[in-house]
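Dear colleague,

My notes on it follow directly after.

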Amino acid sequence: MSAVVTNAVAIPRRRAFQKEDRLWVSIGLYTALGLAIAVPLALMFLWSIADGWSPPLVIPKDYTMQRWASVLEDSNLIQAALNSIVIAIVVTFATAAIALPTAWAMARFPFRLKRLVEIFILAPIIIPGLVVAVGIGQVFLVLGLAYSVPGVILVQIVGTLPLMIRLMTAALETIPDDLIHAARSLGAGTVGIVTHIILPLAIPGLLAGGLMSFIGSFEEFDKSFIVGAPVVQTLPIKLYMYLDPYSMQLPLASIVSFILLLPALIVFVIAGRILRDDLMAAGMGKI
């Protein structure tokens with residue numbers, strides 16, 4: 001019987017993170033953040049105030065605020081912004097109302113074919129938005145919902161509902177069964193349990209899903225364009241019109257892009273301050 005001698009291969013250990021590494025890690029993170037967010041915002045702002053900007057100029061030579069003034073005085077753009085805000089608010093609350101019972105069933109009740117139901121719920125964000133919009137647009141045209149604000153709201157809910165259900169499911173799964181059983185043993189009814197236990201504990205999930213739904217609705221283009229344009233105007237639709245290759249207006253498109261990005265940045269800063277990372281990770285990673 002021959003002995004087999006195995007030479008262990010030394011695997012270099014990864015160097016542990018040290019306190020003195022904070023400076024370089026911070027520089028790297030803030031540099032990446034600047035390249036991903038600050039630089040595009042700065043370029044858009046320069047385009048919006050540039051009075052002529054063409055190669056080989058690195059930065060504009062002359063500046064003007066006339067375009068900002070004309071855009072802010074444009075009644076059509078103001079109406080599009082109001083439409084986007086109102087539709088986003090309605091979509092957020094409607095999505096939460098629909099997602100809460102669905103997420104509760106997905107989180108608390110085991111049933112056959114549950115995996116298939118989860119895939120079905122995720123279908124609107126798995127399939128390209130344009131394909132979903134064309135299919136729903138045909139149905140809405142028959143139902144008389146095309147080219148109307150209610151139609152745009154309904155078609156946007158189709159896109160925001162899957163993510164809300166995932167986040168709410170992740171939040172509701174953390175509620176202990178013992179807490180609900182204890183409330184029932186003390187005489188609490190279904191309404192009392194929902195009001196005093198489930199909803200307060202589900203607030204982080206509602207906030208996370210609500211913020212994501214608001215941004216998703218505010219910046220949604222494909223479905224809104226197919227169902228609502230040109231009767232219902234939103235900011236993304238106005239941006240598309242400014243980027244028309246036959247009449248491209250980059251300065252005006254930069255202003256609208258700037259307006260579209262600011263609410264998203266504000267919402268994600270708020271989300272980073274008040275929401276738990278584990279909830280977002282569970283909701284985004286749960287399939």
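Which residues in α3 meet which residues in α8? Ser-84, Ile-85, Ile-87, Ala-88, Ile-89, Val-91, Thr-92, Thr-95, Ala-96, Leu-100 and Trp-104 in α3 meet Ile-198, Leu-199, Leu-206, Gly-210, Ser-213, Phe-214, Ser-217 and Phe-218 in α8, where contact means heavy atoms within 4.5 Å.

Please note the basis of these values. This is a predicted model, in which local features need pLDDT of at least 70 and side-chain atom pairs count only at pLDDT 80 or more, while totals for chains, interfaces and linings use all residues. Residues are numbered from 1 along each chain as its sequence is written, and side-chain values use heavy atoms, with hydrogens and water left out.

Overall composition

The protein chain contains twelve helices and zero strands; these are DSSP runs numbered from the N terminus (helices H or I, at least four residues; strands E, at least two). Of its 287 residues, 36% count as buried, that is, under 20% relative accessible area, with over 50% termed exposed and the range in between partly exposed (1.4 Å probe, protein chains only). The accessible surface of the protein chain comes to about 17700 Å², and 70% of it belongs to carbon and sulfur atoms; the areas come from the Shrake-Rupley method with a 1.4 Å probe, and for residues only the protein chains shown count as cover. Among contacts with a separation of 6 or more, 71% are between residues 24 or more positions apart.

Helix packing

The axes of α3 and α8 come within 9 Å and cross at roughly 140°. Axes here are lines fitted to C-alpha atoms, for helices over the stretch in contact, and angles run from 0 to 180 degrees between N-to-C directions. The two helices, α3 and α8, are therefore oblique to each other; angles under 35 degrees count as roughly parallel, over 145 as roughly antiparallel, 65 to 115 as roughly perpendicular and the rest as oblique.

α3 also packs against α10, at an angle of about 140° and with the axes 8 Å apart. That makes α3 oblique to α10. Asn-76, Leu-77, Ala-80, Ala-81 and Ser-84 of α3 make this contact with Leu-235, Pro-236 and Lys-238 of α10. α10 is mostly covered, with six of its eight residues buried: Leu-235, Pro-236, Ile-237, Lys-238, Leu-239 and Tyr-242.

Nonpolar cores

A nonpolar core is a set of buried Ala, Val, Leu, Ile, Met, Phe, Trp, Tyr and Cys residues joined through side-chain atoms within 4.5 Å. The largest has 22 residues, and Leu-235, Val-256 and Leu-260 have the most contacts inside it. Elements giving two or more residues to this core are α1 (22-49), α2 (66-72), α3 (75-108), α8 (190-218), α10 (235-242) and α11 (250-274). α11 gives the most, with eight residues. Leu-260 touches Phe-218, Glu-219, Leu-235, Pro-236 and Leu-239, not counting residues up to four places away in sequence. A second, separate core of 18 residues includes Ala-99, Ile-165, Leu-172 and Ile-180.

Backbone features

Most residues other than glycine have a negative phi, and most peptide bonds are trans. A cis peptide bond joins Ala-229 and Pro-230, with omega about 0°; Pro-230 is found in the loop between α9 (222-228) and α10. Tyr-147 has a positive phi of about 60° although it is not a glycine. Tyr-147 is found in the loop between α5 (129-143) and α6 (149-172) and is partly exposed, with a relative accessible area of 41%.

Yours sincerely
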